[in-house]
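Q: I've got the model open. Can you walk me through reading its strands and one loop?

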Amino acid sequence: MYHNYTPHTLRVHLDGELVLELEPEGKVPRVQQEEPLHAIKAGGVIIESVPIGTKVVDDEEMLQAIARSGGVAIVSAMVAQATKRLDVVSPGQLIRDDKGRPIGCEGLISWVNDTDVLCHYLDRQ
């Protein structure tokens, strides 16, 4: 089962044909960047402190609930990249109408690099 955690109605196409349409489920997880300061040293002398950030999902509990239910969460690309989970995907390339307005996407994208594992997971859904 797919869950749409984007703020928009999701219309997924495959080869130009609509294959899935989902209304938003209300909650929209976001990514927040944490920026601790790190000192740069040269010759034992601290030159300056620079922020080196890490990205964290602000609603990881919701994503874990989806995993327990056996579903797949469709979220923004930024959230999917930050989670790198099999059960979290993002919309594929945007499809626009003749006036340039978004009308859907071509497929879904996984940010997990092991396609064999991903295909096995999705086949079970």
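A: Two strands pair if DSSP finds at least two bridges between them; strands (E, at least two residues) and helices (H or I, at least four) are DSSP runs numbered from the N terminus. This is a predicted model, where local features need pLDDT of at least 70, side-chain atom pairs count only at pLDDT 80 or more, and totals for chains, interfaces and linings use all residues. Residues are numbered from 1 along each chain as its sequence is written, and side-chain values use heavy atoms, leaving out hydrogens and water.

Q: In which sense do E2 and E3 pair?

A: Strand E2 (residues 10–14) and strand E3 (residues 17–22) run antiparallel, over 5 bridges. Look for Leu-14, which sits opposite Glu-17 in E3. The two strands make a hairpin with 2 residues between them, and Asp-15 in that turn has a positive phi of about 55 degrees.

Q: What is the strand order in the open sheet?

A: The 6 strands go E1-E8-E9-E10-E2-E3, with mixed pairing. At the edges are strand E1 (2–4) and E3, each pairing on one side only. Inside that order, E9 and strand E10 (residues 102–110) pair antiparallel over 7 bridges, with Leu-94 opposite Cys-105 in E10.
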